[in-house]
Amino acid sequence: AMVVGGLLARRARHASAAVAKKAGEGKHEEDGVGVLGLLDHIDEKLAPMEAGALPEGAQALADTLDELLTDTVPDFLDHREELIEKLGLETFAELIGQFASMERGAARAWSAITDEAWGEVGPSLDKAKSSLAAARDIARAKLEA
């Protein structure tokens, strides 16, 4: 029963990946530009974020972070299989580690805004930005080569 369950789960995962890939055709280019474009899009949202205007600009900053975390990050993560194939497991692990660090920094900044812990927002945003820069460098080195 365990073996059959494992096989069924694996088949379902592959089927859902094929459906997602087919649904995303035309949305992202197959040569990795879509992945780089998503990283650039995240950078465009994250780069101008500053903690200096807090608490006055808190709601706008929280809303932008919320959209980044709930919409854009999952879009990038949908490319896991493609990235593993193109980058290899070791480079993918390095890339996703930096990406996860960016995500945690952005989530910490959002949480700090929600908790009105203004002193935590700046360092969290800085961590998110530096981790994203590292992830972009890794992706560019491999996907543009």
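What follows is a chat about a predicted model of one protein chain.

Biologist: Before we start, what kind of model is this, and how are residues numbered?

Modeller: It's a predicted model, where local features need pLDDT of at least 70, side-chain atom pairs count only at pLDDT 80 or more, and totals for chains, interfaces and linings use all residues. Residues are numbered from 1 along each chain as its sequence is written, and side-chain values use heavy atoms, with hydrogens and water left out.

Biologist: OK, how many helices and strands are there?

Modeller: Six helices and zero strands. Helices here are DSSP runs of H or I with at least four residues, strands are runs of E with at least two, and both are numbered from the N terminus.

Biologist: And how much of the chain is buried?

Modeller: Of its 145 residues, 32% count as buried. Buried means under 20% relative accessible area, exposed means over 50%, and partly exposed is in between, using a 1.4 Å probe and protein chains only.

Biologist: Which residues touch the most others in the largest nonpolar core?

Modeller: L46 and L65, out of 34 residues in that core. Helices α2 (33-46), α3 (58-77), α4 (80-87), α5 and α6 (118-143) each supply at least two residues of this core. A nonpolar core is a set of buried Ala, Val, Leu, Ile, Met, Phe, Trp, Tyr and Cys residues joined through side-chain atoms within 4.5 Å.

Biologist: What is L65 in contact with, then?

Modeller: Leaving aside neighbours within four places in sequence, L65 contacts L46, M49, A106, A109, W110, I113 and L125. Contact means heavy atoms within 4.5 Å.

Biologist: Switching to α3, where is its kink centred?

Modeller: On L68, with a kink of about 35°. The bend at a residue is the angle between axes fitted to the seven residues ending there and the seven starting there. The buried residues of α3 include L65, L68, L69 and F76.

Biologist: What about aromatic pairs, how many are there?

Modeller: The count comes to one aromatic pair. The ring centres of F76 and F99 are 4.2 Å apart and the planes are at 25°, so the pair is stacked. F76 lies in α3 and F99 in α5, so the pair ties together parts 23 residues apart in sequence. For the cut-offs, rings of Phe, Tyr and Trp (its six-membered ring) pair if their centres lie within 6.5 Å; planes under 30 degrees apart count as stacked, over 60 as edge-to-face and the rest as tilted.

Biologist: Are F76 and F99 buried or exposed?

Modeller: Both are buried.

Biologist: Now S101, where is that found?

Modeller: In helix α5, residues 89-114. S101 counts as buried, at 9% relative accessibility. Its side chain makes a polar contact of 2.8 Å with the side chain of S131. A polar contact is a pair of N or O atoms within 3.5 Å; within protein, one must be able to donate a hydrogen and the other to accept it, and residues adjacent in sequence count only if both atoms are side-chain atoms.

Biologist: And S124, which backbone oxygen does its side chain reach?

Modeller: That of E120, at 2.8 Å. S124 is found in α6 and is buried, with a relative accessible area of 6%.

Biologist: How far is S124 from A109 in space?

Modeller: They're 5.1 Å apart, C-alpha to C-alpha, and 15 residues apart in sequence. Leaving aside neighbours within four places in sequence, S124 is in contact with G105, R108 and A109.
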